[in-house]
Amino acid sequence: MRRISRITVAGAATASLALALSACGGTSTSSGSSESKGDKGLAIAYDVGGKGDQSFNDAAYAGLEQAKKQFGYETADVEPTDGETDADKEQRLVSLAKQGYNPVVGVGYAYAAALKGAAEKYPDTTFGIVDDATIEADNVADLVFSEEEASYLAGVAAAKATKTKTVGFVGGVDIPLIHKFQAGFEQGVKDTDPKVKVIPQYLTQTAEEGGFSSPDKGKSAAEGQIEKKADVVYAAAGLSGQGVIEAAAANKVWAIGVDSDQYKQEALAKYKDSILTSAMKDVAKAVFNLAKSVEDGKPATGIVKGDLKTGEVSLSNSNPKFADDAELQEAIETAKEKIISGEIKVKSS
């Protein structure tokens, strides 16, 4: 059942939400059968790259869509703006909470300071943040993942697939979160075949420079690695990863996607035969589960972590060339079992 605190603030009209958010990013709302409940449900605020990145943000949106369908309530999703401050982000989250949306999720570590402030102002609203574990509050769920574990499996796949003994890693921004992807990938490669060389490259030092939102930067980085004989390139770069995939397709080498199953993404359909697999983290499930916990009257709080054991990080099997390679699948399954059992301890930095 819904919490009383949400119901008391849920009467404001959708139009006022749009007005409140007009200064801090676009919004879209969609109504289910919430009118009979007099209540509003899940709202998400996107990370850089926004909706349509075919990766991280779109995974969060999938969780929102699932919650809207299952619970029949009104939802909202809000875009970021260029050059916004923490104060802008906090205003966005506060506006959503003020309108009665619950839970409110900030998609990405960049929301940490803003979400902490919003959560203090609205203690009866449950907030969630994806990819950050620094906020300790009774009404905040830190939705984090063992990205290094899926990346290890991506490294196994890359080491098995390469013919040049050279593979590339493209990180969007040089930060600890993306270091986890690199560390797991390199360990998986080296444990599988020590003779394989990994060429790492980061696109920018900060997100504001476009590391997660610039396909042109991703394409240029991948082209440079391919010139150095890399024939498998793994990108952990949000929207910029589309450029990496495009470069891989143009040069007839393999790309490994990230976060979502990029083989299935409509915007990447013309490149899908070049997407070997994707190192996925189930942001959709994490977002949906938080909404469900609120719907059930038992809001999740604290650190909520997804890993190989819980099934919330994995490799996709959508590409038949990948799925039907028995030797490759055996190597990945063996590595997966060893990680889950603790025999393999994957580095996160």
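This is a predicted model: local features need pLDDT of at least 70, side-chain atom pairs count only at pLDDT 80 or more; totals for chains, interfaces and linings use all residues.

Helix α3, spanning residues 56-71, packs against helix α10, residues 283-295, at an angle of about 35 degrees and with the two axes 7 Å apart. The crossing by which α3 passes α10 is right-handed. On the α3 side the contact involves residues including Phe 56, Ala 59, Ala 60, Leu 64 and Phe 71, while α10 contributes, among others, Val 283, Val 287, Phe 288 and Ala 291. Sorted by class, the residues of this contact between α3 and α10 comprise 12 nonpolar, 3 polar and 2 charged.

A further helix pair is formed by α6, residues 147-161, and α7, residues 176-192, whose axes lie 6 Å apart and meet at an angle of about 40 degrees. The two helices α6 and α7 are therefore oblique to each other, and α6 passes α7 in a right-handed crossing. Among the α6 residues in this contact are Tyr 152, Gly 155, Val 156 and Ala 159, which, with others of α6, meet a set in α7 that includes Leu 177, Phe 181, Gly 184 and Phe 185. The contact of α6 with α7 divides into 9 nonpolar, 6 polar and 5 charged residues.

Turning to the pockets, the largest holds about 440 Å³ of space, and of the 25 residues that line this pocket, Val 48, Thr 81, Gly 83, Ala 207 and Glu 208 lie nearest its centre. The second largest pocket holds about 220 Å³ and is lined by 13 residues, with Asp 131, Asp 132, Ala 133, Val 144 and Leu 177 nearest its centre. Two or more residues of that lining come from each of β6 (140-145) and α7, and α7 gives the largest share, 3 residues.

Terms used:
Residues are numbered from 1 along each chain as its sequence is written. Side-chain values use heavy atoms; hydrogens and water are left out. Axes are lines fitted to C-alpha atoms, for helices over the stretch in contact, and angles run from 0 to 180 degrees between N-to-C directions. Helices (H or I, at least four residues) and strands (E, at least two) are DSSP runs, numbered from the N terminus. Angles under 35 degrees count as roughly parallel, over 145 as roughly antiparallel, 65 to 115 as roughly perpendicular and the rest as oblique. A crossing is left-handed if the near helix is turned anticlockwise from the far one by less than a right angle, and right-handed if clockwise. Contact means heavy atoms within 4.5 Å. Ala, Val, Leu, Ile, Met, Phe, Trp, Tyr, Cys and Pro count as nonpolar, Asp, Glu, Lys and Arg as charged, and the others, Gly among them, as polar. On a 1 Å grid over the protein atoms alone, a cavity is a set of points where a 1.4 Å probe fits but cannot get out, and a pocket is an open set with protein on both sides within 12 Å along at least five of seven lines; lining residues have an atom within 4 Å of a point. Grid points are joined across faces, edges and corners, and a volume is the space filled by probe spheres set on the points.
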